[in-house]
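The sequence and structure are shown first.

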Amino acid sequence: MNKDAVKEIQHYIKQRYSRIPVMWNKDLFRQWSYGKTVSYYILNLVKNENRLPAKIVIENFIRKLDDWSCENRYTSRMFSAAYDVAVDIMNMFL
């Protein structure tokens, strides 16, 4: 398991998503919730992948998100928000 990467991602989630923002509208709430969801998803991907470094696991997931964001205009916003968070997490490992 990528223990150091797991700790970094857990810290990212705690810093970013431990408190619900006080003022927001519907769109900001959606972005926040998509970000939180994808952060935990990435955390689980990294925890469960033993053969590859976290950086590679996250890069592969980012590629998938990019593809998914172009498939359906009704879900593109969700996948685009998830993509942005995944890239943010990825940047921690560069």
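## Terms and model

A pocket here is an open set of grid points with protein on both sides within 12 Å along at least five of seven lines, and lining residues have an atom within 4 Å of a point. The model is predicted.

## Helix α2

Helix α2 spans residues 26–48, 23 residues in total. From first C-alpha to last, α2 reaches 33 Å, close to the 33 Å expected at 1.5 Å a residue.

The buried residues of α2 are Trp-32, Ser-33, Gly-35, Val-38, Ser-39, Ile-42, Leu-43 and Val-46. These residues pack against α1 (3–17), α3 (54–71) and α4 (76–91).

## The N-terminal cap

Asn-25 sits in the loop between α1 and α2 and caps the N-terminal end of α2. A side-chain oxygen of Asn-25 lies 3.0 Å from the backbone nitrogen of Asp-27. A polar atom of the Asn-25 side chain is also 2.8 Å from the backbone nitrogen of Leu-28.

## The largest pocket

The largest pocket holds about 170 Å³ of space. Its lining consists of Tyr-34, Thr-37, Val-38, Tyr-41, Phe-61, Leu-65, Trp-68, Met-78, Phe-79 and Ala-82. By class, the lining has 9 nonpolar residues, 1 polar and no charged.

Helices α2, α3 and α4 each supply at least two lining residues. The largest share, 4 residues, comes from α2. Val-38 is among the buried residues of α2 and also lines the largest pocket.

Technical notes. Residues are numbered from 1 along each chain as its sequence is written. This is a predicted model: local features need pLDDT of at least 70, side-chain atom pairs count only at pLDDT 80 or more; totals for chains, interfaces and linings use all residues. Side-chain values use heavy atoms; hydrogens and water are left out. The expected span of a helix is 1.5 Å times one less than its number of residues. Buried means under 20% relative accessible area, exposed over 50%, partly exposed in between (1.4 Å probe, protein chains only). Contact means heavy atoms within 4.5 Å. A polar contact is a pair of N or O atoms within 3.5 Å; within protein, one must be able to donate a hydrogen and the other to accept it, and residues adjacent in sequence count only if both atoms are side-chain atoms. On a 1 Å grid over the protein atoms alone, a cavity is a set of points where a 1.4 Å probe fits but cannot get out, and a pocket is an open set with protein on both sides within 12 Å along at least five of seven lines; lining residues have an atom within 4 Å of a point. Grid points are joined across faces, edges and corners, and a volume is the space filled by probe spheres set on the points. Ala, Val, Leu, Ile, Met, Phe, Trp, Tyr, Cys and Pro count as nonpolar, Asp, Glu, Lys and Arg as charged, and the others, Gly among them, as polar.
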